Amino acid sequence: MDDAILGTGAIGAVSVPPSKPPIEIVADGRESVVREFVSDDETDPTVLSTYENRRLAERAVRKQLSTSRYPCALVWETDHSVGGLLWNDQFKRLRVAYSQLQRAWIVAPVTDEFMFCSLQEHRHACRFARSIQREYEFKHLEIRTKAGAVDRLIDHRFLRQSITDSGVQFTR
């Protein structure tokens, strides 16, 4: 991300927190493993925990998502089929909205717990919001008009690719 736009190092600026990858639940027959999702074959995923069965793993992951900065969890049915996606509420919506107070476009989660950036140009705010959505794995990016109406809603790549639909093959 562009540090000059995000304000890192500026007086009073708060550094952007590091992003975390999604997590995944993988059943290997005997137990279910919860680990960080990696998209390349060369990196071994970090195992977070193991459980006796998938139901216990899903319950623990739901709790973990609500108390952590992991954006979402993929629940694998088979090696090539995702059966479900679980989302952390803090990562469900990122929005670009106009702030009358700042007289600028802000990029922030709908929960308003953190503002990523504030920019004068709407197109710059949208461009940075797309990169923030990709890096932080936000489920939806909501782009609003200056009047506050929702102009566009951009889904996360997992949703656009419909990886949980029946028959869809997805490589881990």
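Predicted model: local features only at pLDDT ≥ 70, side-chain atom pairs only at ≥ 80, totals over all residues.
Okay, let's start with two strands: β1 (residues 23–27) and β4 (residues 72–78) run parallel and are joined by three bridges. To be clear on terms, strands are DSSP runs of E with at least two residues, helices are runs of H or I with at least four, and both are numbered from the N terminus. Two strands pair if DSSP finds at least two bridges between them.

Residues are numbered from 1 along each chain as its sequence is written, and side-chain values use heavy atoms, with hydrogens and water left out.

Back to the strands. Five of them make an open sheet, ordered β3-β2-β1-β4-β5, with mixed pairing. β3 (47–51) and β5 (81–87) each have a single partner strand, so one side of each has no neighbour in the sheet.

Now, the inside. A nonpolar core here means buried Ala, Val, Leu, Ile, Met, Phe, Trp, Tyr and Cys residues joined through side-chain atoms within 4.5 Å; buried is under 20% relative accessible area, with a 1.4 Å probe and protein chains only. The largest nonpolar core has 19 residues, and L94, V96, V107 and F116 have the most contacts inside it. Which element gives the most to this core? That's α3, with six residues. There's also a second, separate core of 10 residues, including I23, V34, V61 and A73.

Methods:
Buried < 20%, exposed > 50% of the residue type's maximum accessible area, 1.4 Å probe, protein only.
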